[in-house]
Each structure stands twice: as structure tokens, then as C-alpha cells.
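Please look over the sequence and the structure shown here, and then read the notes below, which are grouped by topic.

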Amino acid sequence: MYGSTNITEEDARRMNVSDEEPEKLLAFEDRIARGEKIEPGDWMPKEYRRQLLRMIEQHAHSEIVGALPEGTWITRAPNFRRKLALIAKVQDEIGHGQLLYSAAETLGKTREQMLEDLLNGKSKYSNVFNYPAKTWADIAVIGFLVDGAAIVNQVINSKGSYGPYCRALERICYEESFHLKQGHDNVVYLATGTKHQRAILQDAINRWYRPLLHFFGPPDKMSAHSEKLMKWKVKLASNDDMRNQFLDQYVPKILELDITFPDPNLRKNNDGIWEFSDPDWEEFKRVINGGGPCNAERLEVRRYAEEAGRWVRQALLNPQEKYQVPLA
Amino acid sequence: MNNNAVKELLYKMADDALIIGHRNSEWTGIGPMLEEDLAFSSIAQDKIGHALALYTILHDVLGEPHPDQLGFMRKEKDFHCCQYVEQPIGEYDFSLMRQFLFDNAELLRYEALTRSSFEPLAQLARKAKGEIKYHVMHGDTFMKQLGNGSEESQARLQSALNNSWHLALGIFENSEFEKELIQEGIFTGEEELKRKWLEKITPTLEAANLKLPATEENKIVYGGRKGSHSEFLTPLLNEMTEVVRTDIDAEW
């Protein structure tokens, strides 16, 4: 699962290719225009490498952090069918993380460095995972709508220019589409179930509505553009286009279950564009910068996993390193 | 065939699988490396799948309640898992040691059951042992790697082994039907299983630079098979049934 790459103003300014050799740059851009894939050993502009690495790394982090809110419900899933489906799903997400870290490593940064940057806050992950999964209905909504949003994003990105990332995404999309089916099935059971089940589903939809709108990043008129990234097929669709595609596909599927969205202004206009109330982009920024309800908790769990598991990794990698008995 | 003897065997195996599956699944997302998240999560899936398959035999063949009822609606005292599987995951060394010790026993148990006179169980055992083989491969490999890894990893495994030993021996607590199970060719019995298990794990532990602790009979943790459990099972079951209990009549 993953949200859109958010290009900041500063990033856009840094997109400078003036020190690249013009012939090489031209040949590189021609290859992309012809629809060829760029492979790890190929020449690429420094900015291409930097932006791709950042994007794939964020995506990988999103997978492993995204496993946390759902992971805590594996032990609580209400029957065998849901339990087996959920554990398989969360395992898939970790597997996607592993696949994506490998894809990112082809650009010259190790998994260890990436995990370190996750913990020290240098690199980000999707905002959507900084919200809590409060009830079982959240698991249904995450499985259906967050995975649904991720698929919109990832199917588009799988048409990008970097070979290893595209191949990873193709496999990921295949698995995500399975999660989507399980998520939909779960949502339908709750929507057609008892009063209590409908109530927790409605409550979950109410809480996830805004984070889902945030998922694709700020509106185009607010975000820094980069023609270059579009030309290099690092970014393939605008945030607004992806968001619109998502709303178009999923809003009707929720409404037909007689479940509502907490937004009186949500509607599709005659031109096919969805309209909605301002989902508070200030909140989006706050959460990205660490102020969301679960940012601290998510990183704390990752930090625990990193630290508690250090002796295992060290014993496998550098068994000769001496063990220092802690002083206290 | 003595139905009560078969039921008792199926219940304890299913409950072991469900509870160890629950514990192993707790590693999803927090393992020492992503590969271990994946390994523990895969193993957990298989275990929960085995539990479901065993409860399904109990339901379909022996007239017991639906598997979801058996897994999610029984009281603590009706569970027949050994106390070893109930223990919290602790640190990775404890969980890995348990995975190694438990799954070696589990593979031998299922191998023996492929020849069971109770055909539904023999059929399941033939399928499941192919999966458990990989669990054992995981446990054996990591024992050897970490036992021969760093000073710290060796020390941690030795201490995990010492702390686990008498709990692990509790896996082989005899049931009241041992004689019937053996006589009717349903299962070769816990004593035979324990003997084979010791033969199997001893060379692996030696290769892992680990010493087998001395067994003190009076310290072996029994009781689980008769419904007497550690303080950890009730909270585990409460967690497992948290969602179901919010609406008992609902279909989930």
C-alpha cells in the first residue's frame, strides 16, 4: 500500500540537470520516450536516481509501517476465514517491503541505511498509516479502500520508466487486487450484518474519509510541479487525476451498501470530476511532519524491532564482533 | 475405534496449533529482519490452517461443533494445548527456540500419523508434514547459524534452551487414552514420540554448540492436556475473541 509521492517546493527547485552531459541526457530521455525501461547499470541523471530512490524507499517504508495497524488485528480476527486472510495479507505487505527495498538498493542505498533514515525521520512513509485502526471495521475499510487507493496509484506507477520498480509493482498489484477482494467481502458482510456491524462500519468510513482524500497528496494547484518527473516517467499522473479516479471507482460501491460519507458536498459533476469539501490540507502537513495521531507509536514499534533484533542480524553478518556485557 | 481417544488426540493437536499459530503471528511486523517476519508469519498461517483442518475433522467426522465455535467459543479449561505454546513470545531467542523444539516434535508426530488407522487424520498428516518440514528446516538452520554466530547469540540461545526445556517436555504429557491409541494403531503414543524427538534434536543442538539441560522430572510443566493452564492462556483467548464477543449473533 502506498500514497502518492509528495514533491515539495524545495524538491522542485533542486531538480537541476544543468551539470549532466547533454548528449547522454538526450539519449536517456529518448529511450524513455520510446517506452524503454531503464535498468540499474544504465546511465541516468543524478536527479532521476535521487527522486526514484526517494519514491521507492518511501513506498517500501509504507509497506512495513502499513503492516502495523493491521497486524495488531490478526490475533483478534473473528473467525478462521478472516484470520487466515488477514495474516496472509499482512505477510504480503511485509513481502512487498522486502521486494521494494531490493528494488531501491539497485539505486545505491542499502536496506540498513533506509531503515535508519526511517527511524531518524529523514525519509517518510504514507500518511495514511499514522491513523489508528480502532475497530474490526477499520480492517475492512483499510483492506477495501486503502488498498483500493494504493492500486490506483500503483497500477499507474507500474507503467513508469525504471525496470526494477515496474516489475516489483506488477507483482504487488497482483497481490493487492486479492486484498481488495477480501476487503470488499469484509465490508459487505458488515454492511449487510447486524446493527452493531453497520454502526462500526459507518464509523470507520467517517474516520477514514479524510485520510483517503489525503492519500493522493495535495491538490495539483497546491503542489509543486515537475515537468521533468513526468517526462522521465517517474510520476505518471497528477494527484488530482488519481484522486478522481479513486472516487469514481469506489464511492458508488460504498453508497450502494447504504453507507454514507461524512461530506455533504461529495458529488460527481457533469464533467466527470468529483467535488468534495476541503479535507483540511493543514492537517495533511501536520501529519507528514510527525503530528499525526500515531506517528510516534509507529516509529517506536519499528525502533523496538530494529533494536531488539540487532543481535540476530549482527550474529549473522559479523559473528566475530565481541559482545559487550551491558554495565547495568 | 475409541472415539473419545481420537477426539482427545485431535483436540490437543488442534489447540496446540491454534495457540502457537497465534503466538507466532505476533511476530508479523516486528521480527529482527523482514525475512523473519515473513518466516514466522508463514509458519503461523500453516499452524492456524492445521488447527482449522483438525477442528474440521472433529466437526465433520466426529460430530463436534463447528470449527469457528471450537476455535473461538470454548472456555479456557476446555483447551488441551500444552502450556509451552501459551507462553508469550518473549524475545526472539525464546520464540525461535520454541519454534525449533515444538516443530521438531510436530514433524515427528505428523510423520507417525501418516500411518494412523484413523484415515481422515492420516490423510491430513500426509499433507501437513510437507509443510512442517519447512518449519523444521527454518528452526534447524537458525539454531546452527545463531548457535555458531556471535558470543551473544550463542549465550542467548543456551539460556532460551535452559528456560524452555521443562516447558517443552510438557508437549509429551500422556493422555488418559495412550494405551487405546497405541493398541488401535491410531497413534504411536507420546513416550515413543518423546524418544524420537530427543534423538532428532540432540545432534542439531550439538551442531549448534548448545548443551542439553538436565531433565528434572518434577519440573516438567504438565497440566495443559487436562485443561490446566498457565496464567497466559485466558488473556490470549480474551484477545482472540475480542471481536466475536462484541456481537455474538453476527456473521463475520
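Two residues are said to be in contact if their C-beta atoms, placed from the backbone, lie within 7 Å. By that rule, L10(B) touches L54(B), I57(B) and L58(B), when residues up to four places away in sequence are not counted. This is a predicted model, in which local features need pLDDT of at least 70 and side-chain atom pairs count only at pLDDT 80 or more, while totals for chains, interfaces and linings use all residues. Residues are numbered from 1 along each chain as its sequence is written, and chains are lettered from A and ligands numbered from 1 in the order in which they are written.

**Chain A as a whole**
- Chain A has 13 helices and two strands, where helices (H or I, at least four residues) and strands (E, at least two) are DSSP runs numbered from the N terminus.
- Of the 328 residues of chain A, 44% count as buried, a word used if 20 or more other C-beta atoms lie within 10 Å of a residue's own, with exposed meaning 12 or fewer and partly exposed in between.

**The nonpolar core**
- A nonpolar core is a set of buried Ala, Val, Leu, Ile, Met, Phe, Trp, Tyr and Cys residues joined through C-beta atoms within 7 Å.
- The largest such core has 154 residues, and I56(A), V141(A), L10(B), A14(B) and L54(B) touch the most other members.

**Where the chains meet**
- In the contact between the two chains, 43 residues of chain A meet 44 residues of chain B.
- On the side of chain A that touches chain B, the largest share, twelve residues, comes from α4(A).
- By class, that side of chain A has 24 nonpolar, 13 polar and six charged residues, where Ala, Val, Leu, Ile, Met, Phe, Trp, Tyr, Cys and Pro count as nonpolar, Asp, Glu, Lys and Arg as charged, and the others, Gly among them, as polar.

**Two loop residues with positive phi**
- K233(A), which lies in the loop between α9 (227-231) and α10 (239-255) of chain A, has a phi near 55 degrees, a positive value in a residue other than glycine.
- K233(A) counts as partly exposed because it has 19 C-beta neighbours inside 10 Å.
- D280(A), found in the loop between β2 (274-275) and α11 (281-291) of chain A, has a phi near 70 degrees, which is again positive in a residue other than glycine.
- D280(A) is exposed, because 12 other C-beta atoms lie within 10 Å.
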